[in-house]
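Here is a friendly walk through the model on display. Keep the structure open beside the text as you read.

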Amino acid sequence: MKSIFDKYIETSFDGPSQAIFKFRQFEKNYRQYFPLNKASQVLDIGIGRGEMLECMRRWGYQENGIDISPSTVEFCKKLGYRCDTTMDTISWMNDHPCTFDLVTCLDVLEHVPRESIINFISALRGMLTEGGKAIIQVPNLQSPFGYLHHFNDITHVTGFVEHSLAQVLLAAGFQKFEFNGFEEICRPGLKSFVRRHLRTAYWNAIRALRVINTNPNPRILNPVFYAVAFK
């Protein structure tokens with residue numbers, strides 16, 4: 001997988017430019033969790049093309065980011081963001097105890113081998129200041145379309161539903177956390193209103209089928225979901 005990660009911008013994205021729609025989505029889903037104090041220390045793990053770093057900057061914070069991919073760090077540095085390459089993310093996190101008030105970890109945990117996940121989250125928790133928060137976003141394999149996100153990238157090795165993500169958060173030392181579906185429909189207007197209502201009807205049908213078949217019937221059916229974990 002190293003050959004993919006080394007050239008992640010070239011091998012894994014749909015072009016060498018930021019996804020503008022993510023700015024609206026991050027504003028809708030995540031801005032509410034950021035500290036009121038703009039001097040708070042914030043970090044993005046797995047920076048990709050820097051959309052979260054850009055949001056941090058727009059929202060008035062000093063952005064910081066790390067990634068194992070030299071190509072993503074080079075891309076983001078050319079855009080002027082503060083970020084660094086690390087070949088060992090867990091060691092990097094262990095070297096920065098009680099440093100950050102908020103850490104975002106978006107579309108990262110699914111890349112981490114199963115045997116390393118608890119150590120990864122434990123190290124993430126260790127970076128947080130007392131009362132700090134971690135936002136962890138992953139594909140949602142309990143969604144009828146979560147597989148499209150999970151299997152879209154060959155470097156994804158671990159899948160999650162609400163219960164399994166809760167298991168590893170608890171094992172890593174988090175006692176308080178909440179789960180939410182990642183809202184992708186963020187534009188105002190009639191078209192978005194109709195899409196949301198059609199989606200609700202579809203999800204209700206899925207839940208009814210799962211009841212009929214006595215399958216697990218989790219709350220969140222968005223293709224992507226996230227945890228907000230509190231230290």
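## Helix α5 and its cover

Helix α5 spans residues 70-78, and its buried residues are Ser71, Thr72, Val73, Phe75 and Cys76. Here, buried means under 20% relative accessible area, exposed means over 50%, and partly exposed lies in between, using a 1.4 Å probe and protein chains only. Helices (H or I, at least four residues) and strands (E, at least two) are DSSP runs numbered from the N terminus.

What covers these buried residues? The cover of α5 includes α1 (2-6), α2 (8-12), α4 (51-58), β2 (65-67) and β3 (83-85). Contact means heavy atoms within 4.5 Å. Just after α5, Gly80 has a positive phi of about 90°.

## About the model

This is a predicted model, in which local features need pLDDT of at least 70 and side-chain atom pairs count only at pLDDT 80 or more, while totals for chains, interfaces and linings use all residues. Residues are numbered from 1 along each chain as its sequence is written, and side-chain values use heavy atoms, with hydrogens and water left out.

## Helix α4

Helix α4 is mostly covered, with 6 of its 8 residues buried. Those residues are Glu51, Met52, Leu53, Glu54, Cys55 and Met56. Their cover includes α3 (21-30), β1, β2, α5, β3 and β4. Just after α4, Gly60 takes a positive phi of about 100°.

## Two nonpolar cores

A nonpolar core is a set of buried Ala, Val, Leu, Ile, Met, Phe, Trp, Tyr and Cys residues joined through side-chain atoms within 4.5 Å. The largest one has 33 residues, and Ile45, Leu109, Phe120, Leu165 and Leu169 touch the most other members. At least two residues each come from β1 (42-45), α6 (89-94), β4 (100-106), α7 (117-127), β5 (128-139), α9 (162-171) and β7 (224-230). The biggest contribution is that of α7, with 6 residues.

Which residues does Leu165 touch? Leaving aside residues up to four places away in sequence, Leu165 touches Leu109, Val138, Phe160, Phe179, Phe225 and Ala227. A second, separate core holds 26 residues, including Ile9, Phe26, Tyr30 and Cys76. In soluble globular proteins, nonpolar side chains tend to be buried together.

## Two loop residues with positive phi

Most residues other than glycine have a negative phi. Asp107, in the loop between β4 and α7, has a positive phi near 60°. Asp107 counts as partly exposed because its relative accessibility is 31%.

Thr214 sits in the loop between α10 (190-212) and β7, and its phi is also positive, near 50°. With a relative accessible area of 69%, Thr214 is exposed.

## The whole protein

The protein has 10 helices and 7 strands. Buried residues make up 49% of the 231 residues. Among contacts between residues at least 6 apart in sequence, 71% join residues at least 24 apart.

How many positive and negative side chains are there? The protein has 26 positive and 23 negative ones, and the centres of the two sets lie 8 Å apart. Lys and Arg count as positive and Asp and Glu as negative, leaving out His and the chain ends; each charge is placed at NZ of Lys, CZ of Arg, CG of Asp or CD of Glu.
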